[in-house]
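Hi there,

Here is the structure I promised to send over. My notes on what turned up in it follow below.

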There are 2 protein chains.
Amino acid sequence: VRKVVAVGVGLTDFGRLEDDDLIDILSSASLKAIDDACIDPKMIDAVYVANMGAGILNHRTAIASALVDNIGLLPAAADTVENGPASGASAVKNGVLAVASGYYNCVLVVGGEKMRNVTGWRATDFVATLTHPYAEYVYGVTLPGMAGMFARLYMKKYGYTEKDLARVAIKNHNNGIKNPYAHVQMQITMEGIIDSPDSVVNNGPVATPLRLYDCCPVTDGAAAVILCSEELAKKLGKPMVVVAGFGQATDTHTLAERDDPTDLKAVRMACQQAYDMAGITAKDVDVAELHDAFTILEIAEAEASGLFEPGEYKKALKNGEVEITGSLPVNPSGGLKACGHPVGGTGVRQAVEIIKQLRGEAGAHQVKEPKIGLTVNFGGFGNNVVALVMRRES
Amino acid sequence: VRKVVAVGVGLTDFGRLEDDDLIDILSSASLKAIDDACIDPKMIDAVYVANMGAGILNHRTAIASALVDNIGLLPAAADTVENGPASGASAVKNGVLAVASGYYNCVLVVGGEKMRNVTGWRATDFVATLTHPYAEYVYGVTLPGMAGMFARLYMKKYGYTEKDLARVAIKNHNNGIKNPYAHVQMQITMEGIIDSPDSVVNNGPVATPLRLYDCCPVTDGAAAVILCSEELAKKLGKPMVVVAGFGQATDTHTLAERDDPTDLKAVRMACQQAYDMAGITAKDVDVAELHDAFTILEIAEAEASGLFEPGEYKKALKNGEVEITGSLPVNPSGGLKACGHPVGGTGVRQAVEIIKQLRGEAGAHQVKEPKIGLTVNFGGFGNNVVALVMRRES
């Protein structure tokens, strides 16, 4: 099969982007990626847009068509890919397939969400549209609620405490301060998290045991990647960051139907597929971006992906191993925790972070000379997970 | 590149499917296609769902994840592809890329829409979400309105009359009577169309010059196709219907920005790409499914695709050439006109029709021994068009 190389990356700021609409932010990230790849936009023959909420949040459809016209890419092929909060990595995967097939040479993948224009409960309700309509949604299930229940089970099974959860948040907010694109640029402390009064405003429970700082913010933002054939990449002379492996696995739609709800089977399977395709094992990963929509998920994914043995991540959080300066940095970007989670954009943002890390272009949050990076993009409540392995080859 | 074969097809009834939700109808079409392909469902390693309106119409997202669980395809990869009314063919195209890439062997593509649960103007408003939000939508533009303006220009330029439009509707409704899956199973006459009182209920103008019977109905329905590698197809022993070519082209988002609004440039380009890939010319096409969401579009697409010279389709409508019994049957299924237009499903339904025709399994609307078939799936108002060429090889 044909090798696929990531030759350009682009990000908007993540945060409240009040002056821009969805097409504006997708355009901005795309143009930055085109610029970074040093390609003539006319070379792009297909575009994949990752987005989950244009219909519900923005009352729009067919945004891929709007995008290609807006940034002068006509007559390139253009489609939107949706896979809930894993839309971003799904779009990257489909971009990889497009180039690997031999039919397309140069593909733009851009993911983003404009979700701060809805207020109050409506962002949470929007995300809950991915749950089962009769078995979950009608009973008022939300993603934070699911994550809270999951956290209780996982903490009990593997001996995690609220302080362990807080360590994820502290680490990722520390990393986010070093990432100018992150939404929340603020240091938080164990005292601030654990000892604060018991209200949401003061970081009390959102869904026990998860507090405000265990949950990612609602964020506007977009991220873009240019993928191309090895032949074209060599001509461009960009660092050779190859998409060496991908994996995607689905699990039961409802959390309640799983034999063991603490077993993130789709994470396990997607990562294993990606490792196998890349010809590596989890031990070969130098840096990882995990989908910490809730702090408990960074812990559970770090273990389900095989990066750490079950129950062992708490040690890594304490001993500094997963810090930017550690031996296996996790979420050096600040993760969803600090960057925020524009749902359709997150998987592409994770890929952008890993590509920058492998190029040595991550700036203040650069980790030490990584060769292989992993992203885990978590759709549904783990019912559709996409993993990507990227490798620096020259 | 790797050859991709269509080995299974499935359709739900098209119409008012009141007892079923979106996942039910997607499941039903999928299971029929799996059954038709005579494969073990466990052989399916990736699923593409084509859908445009789950968010707006059904307040749901991540439907691909729901589908794979519902029909026992876990842990297959699953994504939704959206490209407005051309979502169906876009999903087929991405299924082809997935198999052609060598990473997947057997892919289910299923498209559908559940859109009769919204009432009155809301279905028309939903479709209008594909228009430009500031240049079109805010001014109350609708797809019928655009088609009406387009029809006036096209009729004037090429000398078409309301009777020519009516001939498209009469032909397609005649064909639809022969297709048990079609939504509207009713013969209509020139007198009934042209001489009826001037109101929508009595087939008066929807958007002058287009009357009720110039417009496709609002329809629930789903269609599915199984695509696989040549190697697997040979083992299955199914007729070898190959996706020999595809094309996709985008044009200006707004109709008003085109140099010549009567020139369906994206149709021209998508078809030419598909012909080139298949190594054929328009003259080699034996049967075509065109996107007659409005009667004028069958005419304009028949000419933009190169099947007929500009202005010449009126003759073909009169002399029987494009009837099921003619030399180049167009929309033997009844088209969108009679089948209806569950927007995300239409492109897959068109593919299903061509596959059945090439297999000789179209029943009462079978055309005579076609070898090569074309589908044109028209997204936006011609701003994102996908064409597929399929060939019977043995």
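Between chain A and chain B of this predicted model, 36 residue pairs are in polar contact, both residues being at pLDDT 80 or more (a pair of N or O atoms within 3.5 Å, one able to donate a hydrogen and the other to accept it; residues adjacent in sequence count only if both atoms are side-chain atoms). On the side of chain A that touches chain B, helix H3 (63-70), helix H4 (87-100) and strand E8 (241-250) are among the elements that supply at least two residues each (helices are DSSP runs of H or I with at least four residues, strands runs of E with at least two, numbered from the N terminus).

In total, 56 residues of chain A are in contact with 56 of chain B (heavy atoms within 4.5 Å). The two chains bury about 4500 Å² between them, with carbon and sulfur atoms giving 53% (accessible area, 1.4 Å probe, lost on being put together and summed over both). In chain A, the most area is lost to chain B by His59(A), Thr61(A) and Tyr103(A), together 15% of what that side buries. How many salt bridges cross the interface of chain A and chain B? The rule finds 0 (a side-chain nitrogen of Lys or Arg within 4 Å of a carboxyl oxygen of Asp or Glu).

On the bookkeeping, residues are numbered from 1 along each chain as its sequence is written, and chains are lettered from A in the order in which they are written. Local features need pLDDT of at least 70, side-chain atom pairs count only at pLDDT 80 or more, and interface totals use all residues, while side-chain values use heavy atoms, without hydrogens and water.

Best wishes
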